[in-house]
Amino acid sequence: MIVKALTDCKWVPVTSENLITDFGHSSDAGCNMLQALSDALSERLEKKNNNKIKMIFEEWKALYGQTSNLSISQVNGILDNIGFQVNFSEQKKSEELKIPVALFVIHTYNSLLIKILGAEVVAEHALTTYKGFIRETVSLDGQLLIDRMEYEIEQGNFFSGAGINGFGEEVIFSWYLDVARLKQHQAKIIDGLKGILLSFSMYRADKLTSARSKDVLKSFYQDLVPNELRKSLGEFYTPEWLVEVTLDRINVKNFLTQRFLDPTCGSASFLLALIRKIKIQATDDGWGDLEVLKHIINNVWGFDLNPLAVQTARVNILIAISDLLDNNKGTDIEIPILLADAVYSPARNPKKMN
């Protein structure tokens with residue numbers, strides 16, 4: 001950390017450009033961790049017996065990893081641009097699984113990054129007793145590092161300890177901890193984790209003015225997942241200008257008197273724009289920070305059926321309200337983003353059934 005601080009000579013703001021530079025496919029931290037994850041996942045999938053990671057992957061693949069209409073040239077083009085290799089000993093298995101494995105690895109990596117960013121936002125705004133999550137974690141070795149990541153990040157205890165509840169519920173991408181406990185993969189996974197933590201240690205997570213102005217995590221994800229692959233998955237993110245045009249067309253004069261729900265919120269682009277409008281109107285009307293915070297938490301909601309989108313949206317919302325939390329330390333909240341499929345009707349309350 002000292003060497004990196006001396007060589008970089010600057011703190012890094014949280015922007016999509018910086019995230020892409022430091023953690024994208026061409027970065028050392030990104031390439032090392034992505035390759036370590038890919039090698040570990042491929043090895044587990046080639047095991048003839050069932051194992052936890054194989055079952056998690058198959059469940060994810062059935063729900064979120066189905067691609068369509070990709071030619072051989074498109075597949076090769078995608079694999080040439082992801083910054084890591086997918087290696088199997090069996091050629092047939094390699095052809096069938098290369099794209100799903102690559103996507104699952106990218107999703108896992110992205111989930112890990114945004115959760116670490118969320119933890120550092122909480123720490124740097126002094127919402128917890130940790131003076132700096134990354135600075136205290138990067139110095140740990142072996143099992144201690146794995147245990148810290150599992151307890152604090154994947155189980156969500158770091159966030160709940162700061163009064164931010166329901167933050168780490170989606171554990172489908174925590175499989176990297178299981179392979180980190182295997183002797184053949186531990187060194188590479190731990191080195192990858194340390195590389196990510198070290199790069200993040202130079203970020204100013206307490207200065208988020210730029211990050212609050214737009215959806216930085218959406219741009220980072222779009223850089224991680226090649227365009228052709230996102231098209232085959234049917235993933236199309238709303239551009240910032242269209243978000244603003246849409247909100248103008250709903251013709252709401254007073255955003256403080258309405259409740260909002262985005263039933264397919266993705267990374268929360270619409271909700272972030274709504275929060276900005278609410279904060280501006282509330283400030284003009286003389287509201288205090290605590291009143292604004294409670295109003296947003298109670299009146300701006302998002303659903304999505306993709307666990308990665310849910311986690312991304314939660315971190316984006318956390319960044320958007322971090323200034324309000326900074327002035328109201330100790331306030332318990334629940335980030336209003338739920339893993340849910342808005343197509344299905346709610347189940348009837350059994351207590352009210354005849």
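Contact, as the word is used in this report, means heavy atoms within 4.5 Å. The structure is a predicted model, in which local features need pLDDT of at least 70 and side-chain atom pairs count only at pLDDT 80 or more, while totals for chains, interfaces and linings use all residues. Residues are numbered from 1 along each chain as its sequence is written, and side-chain values use heavy atoms, with hydrogens and water left out.

**Ser267, Asn316 and Asp215**

Ser267 touches Asp215, Lys218, Tyr237, Leu272, Ala309, Thr312, Ala313 and Asn316, not counting residues up to four places away in sequence. Ser267 is found in the loop between strand 2 (260–262) and helix 16, where helices (H or I, at least four residues) and strands (E, at least two) are DSSP runs numbered from the N terminus.

Buried means under 20% relative accessible area, exposed over 50%, and partly exposed in between, with a 1.4 Å probe and protein chains only.

| Residue | Relative accessible area |
|---|---|
| Asn316 | 3% |
| Ser267 | 5% |
| Phe255 | 6% |
| His185 | 10% |

Phe255 lies in the loop between helix 15 (240–249) and strand 2, and its contacts, not counting residues up to four places away in sequence, are Ile250, Phe260, Leu274, Lys277, Ile278, Gln281 and His295. His185 belongs to helix 11 (residues 183–200) and, leaving aside neighbours within four places in sequence, is in contact with Asp39, Ala40, Glu43 and Val179.

**Aromatic pairs**

The structure holds 13 aromatic pairs, counted where rings of Phe, Tyr and Trp (its six-membered ring) have centres within 6.5 Å, with planes under 30 degrees apart taken as stacked, over 60 as edge-to-face and the rest as tilted. The rings of Phe104 and Phe173 have their centres 6.0 Å apart and their planes at 45°, so this pair is tilted. The pair links distant parts of the chain, since Phe104 is in helix 6 and Phe173, 69 residues apart from it, is in the loop between strand 1 (164–165) and helix 10 (175–180).

**The largest pocket**

The largest pocket has a volume of about 670 Å³. Its lining consists of 34 residues, of which Glu235, Tyr237, Gly266, Asp304 and Ala309 lie nearest the centre. Two or more lining residues come from each of helix 4 (52–64), helix 6 (91–124), helix 13 (216–224), helix 16 (269–284), strand 3 (300–304) and helix 18 (307–326). A pocket is an open set of points on a 1 Å grid over the protein atoms alone, where a 1.4 Å probe fits, with protein on both sides within 12 Å along at least five of seven lines, and lining residues have an atom within 4 Å of a point.

Methods
Points joined across faces, edges and corners; volume = space filled by probe spheres on them.
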